[in-house]
Amino acid sequence: MSEITNPCVSCGACCAHFRVSFYWAEADDAGGPVPTALTEPLSLLMRNMRGTNDRAPRCVALEGDIGGCVSCGIYEQRPTPCREFSMSGEAGIHNEACDRARARYGLPALFSPSLPVMTESYAAAGARELSEHVQSPG
Ligand code: SF4
Ligand code: SF4
């Protein structure tokens, strides 16, 4: 049986394209899971992952080379937007934001109506669930 590879582990584009912002109380100084040292204040009620609000965004927790081998250094502690962001094509659903982030790094779009079975297999294999990085800097 051939091994199924999750495209996220050789991508990481969304971690270096969007501003990753979340409610301040998700940080561990307020009892949440996210290491405060890896965040910065964004507004009175919001924080963002350090590095993601820069002109050339890249989350400080992202390890590896985009489009190569990547991982999240705080995977179990990542904030809500990262938990909710879906790989494009997962369960047959297009995520334009995923494909847009990939395009920035010259990576092909993942969604194709002909691929729902394959992408459901990725999810079943424990696909790394990245989340909703909904805001671009600038
Ligand atoms: S969710 Fe999309 S952009 Fe993010 S790492 Fe996975 S494939 Fe890449
Ligand atoms: S998944 Fe991890 S590396 Fe990517 S943006 Fe979220 S915290 Fe940063």
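1. Disulfides. With a disulfide defined as a pair of cysteine sulfur atoms within 2.5 Å, the count for this predicted model comes to 0. For orientation, a disulfide is a covalent bond between the sulfur atoms of two cysteines.

2. Basis of the model. The structure is predicted, so local features need pLDDT of at least 70 and side-chain atom pairs count only at pLDDT 80 or more, whereas totals for chains, interfaces and linings use all residues. Residues are numbered from 1 along each chain as its sequence is written, chains are lettered from A and ligands numbered from 1 in the order in which they are written, and side-chain values use heavy atoms, with hydrogens and water left out.

3. Overall architecture. The protein chain contains 3 helices and 5 strands; helices (H or I, at least four residues) and strands (E, at least two) are DSSP runs numbered from the N terminus. Read from the N terminus, the order of elements is β-β-β-β-β-α-α-α. Of the 138 residues, 42% count as buried. The accessible surface of the chain is about 7,200 Å², and 55% of this belongs to carbon and sulfur atoms; the areas come from the Shrake-Rupley method with a 1.4 Å probe, and for residues only the protein chains shown count as cover. A contact means heavy atoms within 4.5 Å. Among contacts between residues at least 6 apart in sequence, 62% join residues at least 24 apart.

4. Aromatic pairs. Rings of Phe, Tyr and Trp (its six-membered ring) pair if their centres lie within 6.5 Å; planes under 30 degrees apart count as stacked, over 60 as edge-to-face and the rest as tilted. A search of the whole structure finds 2 such pairs. In one of them, F18 and F85, the ring centres are 6.1 Å apart and the planes meet at 50 degrees, so the pair is tilted. This pair links distant parts of the chain, with F18 in the segment before β1 and F85 in the loop between α1 (80-84) and α2, 67 residues apart. Both F18 and F85 are buried.

5. R78 and Y75. R78 is located in the loop between β5 (70-72) and α1. Its relative accessibility is 6%, and R78 therefore counts as buried. R78 lies over the face of Y75, at 3.9 Å from the ring centre; a charge sits over a ring if NZ of Lys or CZ of Arg is within 6 Å of the ring centre and within 35 degrees of the ring normal. The side chain of R78 also reaches the backbone oxygen of Y75 at 2.6 Å. This is a polar contact, that is, a pair of N or O atoms within 3.5 Å; within protein, one must be able to donate a hydrogen and the other to accept it, and residues adjacent in sequence count only if both atoms are side-chain atoms.

6. The buried residues of α2 (residues 96-104) are A97, C98, D99, A101 and R102. N95 caps the N-terminal end of the helix, with a side-chain oxygen 3.1 Å from the backbone nitrogen of A97. G106 follows α2 and has a positive phi, near 75 degrees. In the loop between α1 and α2, A91 has a positive phi of about 60 degrees although it is not a glycine. A91 counts as partly exposed, at 43% relative accessibility.

7. The loop between β1 and β2. G32 is found in the loop between β1 (21-23) and β2 (39-41), and D28 is in the loop between β1 and β2 as well. G32 is buried, with a relative accessible area of 19%, whereas D28, at 41%, counts as partly exposed. Leaving out residues up to four places away in sequence, G32 touches A25, E26 and A27, while D28 touches V34, P35 and T36. The C-alpha atoms of G32 and P79, 47 residues apart in sequence, are 8.9 Å apart; those of D28 and Q77, 49 residues apart along the chain, are separated by 9.3 Å.

8. R58. R58 lies in the loop between β3 (46-49) and β4 (62-64) and counts as partly exposed, at 32% relative accessibility. A polar atom of the R58 side chain is 3.1 Å from the backbone oxygen of L62. Not counting residues up to four places away in sequence, R58 touches residues including C15, A16, R50 and E63. R58 and H17 are 41 residues apart in sequence and 6.8 Å apart in space, C-alpha to C-alpha.

Methods: Buried < 20%, exposed > 50% of the residue type's maximum accessible area, 1.4 Å probe, protein only.
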